[in-house]
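Dear colleague,

I am handing over the structure below, and after it I set out what was found. Please read the notes with the coordinates open beside them.

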Amino acid sequence: MSKVRLLVGTRKGAFILSSDGKREKWDINGPHFAGWEMYHLKGSPAEPNRLYASQSSGWFGQLIQRSSDGGRTWEPVGNKFVYDGVPGTHQWYDGTPHPWEFKRVWHLEPSLTDPDTVYAGVEDAALFRSTDGGQTWQELAGLRGHGTGPRWQPGAGGLCLHTILIDPTNHQRMFIAISAAGAFRTDDAGKTWRPINRGLKSQYIPDPNAEVGHCVHRISLHRSRPSVLFMQKHWDVMRSDDSGDSWQEVSGNLPTDFGFPIEVHAHEPETVYVVPIKSDSEHFPPDGKLRVYRSRTGGNEWEPLTKGLPQSNCYVNVLRDATAVDSLDKCGIYFGTTGGQVYASADAGDNWTAVARDLPAVLSVEVQTLP
Amino acid sequence: MIRVVLPAHLRTLAQVGGDVEIEVEGNVTQRSVLNALEARFPMLRGTIRDQVTQQRRPFLRFFACSEDVSHEPPDTPLPDAVASGLEPFFIIGAIAGG
């Protein structure tokens, strides 16, 4: 029978939750790296027991941890992230030039085929790659160097590269997203990049056709149809049918189109999930009701999913890397909250159960479907 | 033999239970102590000082013989009591955050 493993990063350590394919009973293992901020953990699709984890602290900086046994044991690997050449400047919040400074790794994305190759999205925004299992890191400098970098400006959470998507049908193509610069695409395995933000409207940018400056919170795609992208922007839920060359709004009947994560069903490319949040100044669900919204039409028409989720006095947030879907049938969907709950649905969102209730604030959730 | 006291999180990371004892060749300074410490415990690289600039991480402090030596130049000799192993070299995390 299949198994499922959740990799949960929190403000004070990492937790590994395991269940069989029924996804009814869960074992919680942790905390790993107790007391450290665990921004993200992810397993290699090519070798599922190979895990990578981003461990950081305001005191001690950034570490990268690697496991070869599914998270039972870990070893620290390379943590030297040095920008290529003279780093130059981006814009600070007040519009003045500010030197690029490495702060932390937000997201780790292992290669789809090689367990020793892994990408790291960092703050201040840049993309790094390791081809030796995380021992050494090299910047893919064509991203920062393509021309718009000096105009990038941090969002409230920092100038972070938080999303890395590898096209499963064409490994030369990758998508990344940066708050608050926007989305970018490479078609040559990271050598050159271009902004893909046409159609995004951001009221805080005077130029309606601005090439960069958009606060993209998350992008998602379905592996069978990677030219279709879904985006949760600061405000607005967006869709692209041409690999990001153009975007259309699909917020439709959502109660609010502010939010952080966006996820696509494992087997239904037109089924999409978001978690609406009241506003950018009130980072909690509207009306104190924690609702996941599902569209079965690729956007515009959304239904609330509430069974098993708190429907009163709930004021948690769900961060951008804190949702995941497994590949079982029926598709499982998972999310973690800033209140320390991890919710799971084994039926594509129809019914939810809290599989952990009192963890530290959840920063990220990934899921592995294991044989 | 130089004794070094690490913050709890770095003891866990280095997989040591208490004070660390290290051999330092030549002058005993902040730099030579940290070089020897990182050579013996490579996982500590970058956690105490920046790997490129060698600057002390801002929320850490260095103490020797009850004195805060954090702002001393890194090649200034540490007190004889530290160099002889009588007193430890303290690496201390600032009280900050939550």
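**Strand 24 of chain A and its surroundings**

In this predicted model, strand 24 of chain A (residues 292-295) is covered on both faces, since A:Val292 and A:Arg294 on one side are buried, and A:Tyr293 and A:Ser295 on the other are buried as well. Strand 24 of chain A pairs in the antiparallel sense with strand 23 of chain A (residues 272-274) over three bridges, and within that pairing A:Val272 has A:Ser295 as its bridge partner.

The loop between strand 23 and strand 24 of chain A holds A:Val275. Is A:Val275 buried or exposed? A:Val275 counts as buried because 25 other C-beta atoms lie within 10 Å, the cut-off for that class being 20 or more. Once neighbours within four places in sequence are set aside, the contacts of A:Val275 are A:Gly259, A:Pro261, A:Val292, A:Val318 and A:Phe335; one of these, A:Val292, belongs to the buried residues of strand 24 of chain A. A:Asp257 stands 18 residues from A:Val275 along the chain, and the C-alpha atoms of the two are separated by 8.9 Å.

**Chain A as a whole**

Chain A has 30 strands and zero helices. Its C-alpha atoms fill a box of roughly 50 × 45 × 40 Å along the principal axes. The radius of gyration of chain A is 19 Å, which agrees with the value near 21 Å that a compact globule of 371 residues would have. Of the 371 residues in chain A, 53% are buried, and when contacts between residues at least 6 apart in sequence are taken, 50% of them join residues at least 24 apart.

One of the sheets in chain A is open and consists of four strands in the order 4-5-6-7, with antiparallel pairing. Strand 4 (37-43) and strand 7 (75-76) of chain A are the edge strands, each pairing on one side only. Strand 7 of chain A is joined to strand 6 of chain A (residues 61-67) over two bridges in the antiparallel sense, and there A:Gln65 has A:Pro76 as its bridge partner.

As background, nonpolar side chains in soluble globular proteins tend to be buried together. The largest nonpolar core in this model has 105 residues, and those with the most contacts inside it are A:Leu6, A:Val8, A:Tyr334 and A:Val342. Strand 15 of chain A (residues 174-179) gives the most to this core, with five residues. Leaving aside neighbours within four places in sequence, A:Val342 is in contact with A:Leu6, A:Val8 and A:Tyr334, and its other contacts include A:Leu17, A:Ala354 and A:Val365. Apart from this core lies another, of 23 residues, and among them are B:Leu10, B:Val24, B:Leu44 and B:Ala64.

In chain B, five strands form an open sheet in the order 2-1-5-3-4, and the pairing is mixed. Strand 2 (20-22) and strand 4 (67-68) of chain B stand at the edges with a single partner strand each, so one side of each has no neighbour in the sheet. The pairing between strand 1 (residues 2-5) and strand 2 of chain B is antiparallel and runs over three bridges, with B:Ile22 as the bridge partner of B:Ile2.

Helix 2 of chain B (residues 30-40) lies across strand 1, strand 2, strand 3 (60-64) and strand 5 (89-93) of chain B, and runs at about 105 degrees to strand 2 of chain B. The buried residues of this helix are B:Gln30, B:Ser32, B:Val33, B:Leu34 and B:Leu37, and they pack against strand 1, strand 2, strand 3 and strand 5 of chain B.

How many residues does the contact take from chain B and from chain A? The contact takes 13 residues from chain B and 11 from chain A. On the side of chain B that touches chain A, the largest share comes from helix 1 of chain B (residues 8-14), with three residues. By class, that side of chain B has six nonpolar, six polar and one charged residues.

With kind regards

How values were computed. Residues are numbered from 1 along each chain as its sequence is written. Chains are lettered from A and ligands numbered from 1 in the order in which they are written. This is a predicted model: local features need pLDDT of at least 70, side-chain atom pairs count only at pLDDT 80 or more; totals for chains, interfaces and linings use all residues. A residue is buried if 20 or more other C-beta atoms lie within 10 Å of its own, exposed if 12 or fewer, and partly exposed in between; C-beta atoms are placed from the backbone. Two strands pair if DSSP finds at least two bridges between them. The radius of gyration is taken over C-alpha atoms; the globule rule is 2.2 Å times the number of residues to the power 0.38. Two residues are in contact if their C-beta atoms, placed from the backbone, lie within 7 Å. Ala, Val, Leu, Ile, Met, Phe, Trp, Tyr, Cys and Pro count as nonpolar, Asp, Glu, Lys and Arg as charged, and the others, Gly among them, as polar. A nonpolar core is a set of buried Ala, Val, Leu, Ile, Met, Phe, Trp, Tyr and Cys residues joined through C-beta atoms within 7 Å. Axes are lines fitted to C-alpha atoms, for helices over the stretch in contact, and angles run from 0 to 180 degrees between N-to-C directions.
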